[in-house]
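Hello,

Here is the structure we talked about. Please open it alongside this email; my notes follow below.

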Amino acid sequence: MILKTDRLILRPWEDSDAPELFLYAKDPAIGPIAGWPPHKSVEESRQIIRQVFSAPETYAVVLKETGKPIGSIGLLLGSNCTIALPDEACELGFWIGVPYWGQGLIPEASRELIRHAFTTLGMREVWCTANLENANSLRVQEKLGFTFDHDIPQYYSELMNEIVSLRANRLLRADWENMRQEH
Ligand SMILES: CC(C)(COP(=O)(O)OP(=O)(O)OC[C@H]1O[C@@H](n2cnc3c(N)ncnc32)[C@H](O)[C@@H]1OP(=O)(O)O)[C@@H](O)C(=O)NCCC(=O)NCCS
């Protein structure tokens, strides 16, 4: 599946994206706050593309202007989710390379993926979690209309092998529909 927004194309990751992925994913400002260690080599990035980004509903965030991937976004389903979710719920996850922060690109990609989740996939709830210290992610979630559900003060982050405080926010389909009518 390929999704499009004004500035972006969301498309499946490809093996040949490994050098671009490494360029951004090696930066310690990206992975650790999102729960994964920085990539150490292009080869590791290639393995992540094959083993992790091959999951359903995982997309490379490609800038239309350059045709190159600059981040990743996806809907985690079932047991892949950070927390146990009800049926017909999924979890939104995202990151974007540091040079592209602050341009509203992830909110733009997220709006399209949330639309896809509620309409094409028939979801009733989209969830999003973030480390309580991750002000940027919490701000994005606020802009998208997610509201507080609960905190997990001691969440074990397996990939980082550390305990973090996590916030779980939620967007209901009914609230999303109302939000759309208001705009
Ligand atoms: C969270 C993240 C995806 C936000 O993506 P984005 O496309 O930059 O989102 P926005 O442009 O809406 O910026 C969100 C907030 O980041 C802040 N910000 C951080 N760096 C910034 C910069 N260089 N320029 C401007 N704003 C910046 C601003 O507070 C902004 O809020 P505002 O729109 O009210 O000013 C991005 O910061 C990121 O990849 N972080 C690391 C990975 C991560 O945290 N993933 C989420 C895990 S839960």
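Predicted model: local features only at pLDDT ≥ 70, side-chain atom pairs only at ≥ 80, totals over all residues.

The ligand site comes first. The ligand is surrounded by 19 residues. Ala34, Trp95, Gly102, Ile106 and Asn136 are the closest. Four elements each supply at least two residues of this shell: helix H2 (31-34), strand S5 (89-96), helix H4 (105-118) and helix H5 (135-144). H5 gives the most, with 4 residues. What is the shell made of by class? It has 12 nonpolar, 6 polar and 1 charged residues.

Next, a helix pair. Helix H1 covers residues 18-25, and helix H3 covers residues 42-51. Their axes lie 8 Å apart, and the packing angle is about 110°. Angles of 65 to 115 degrees count as roughly perpendicular, so H1 and H3 are roughly perpendicular to each other.

Which residues of H1 and H3 meet? From H1 come Ala18, Pro19, Leu21, Phe22 and Ala25. From H3 come Val42, Ser45, Arg46 and Ile49. This contact divides into 7 nonpolar, 1 polar and 1 charged residues.

Last, the buried part of H1. Its buried residues are Ala18, Leu21, Phe22, Tyr24 and Ala25. Ala18, Leu21, Phe22 and Ala25 are buried and also take part in the contact with H3. H3 is one part of the cover over the buried residues of H1, which also includes H2 and strand S4 (68-76).

Best wishes

Methods: Residues numbered from 1 in each chain as written. Near = placed C-beta within 6 Å. Nonpolar A, V, L, I, M, F, W, Y, C, P; charged D, E, K, R; others polar. Axes fitted to C-alpha atoms, helices over the stretch in contact; angles between N-to-C directions. Parallel < 35°, antiparallel > 145°, perpendicular 65-115°, else oblique. Contact = placed C-beta atoms within 7 Å. Buried ≥ 20, exposed ≤ 12 C-beta atoms within 10 Å, placed from the backbone.
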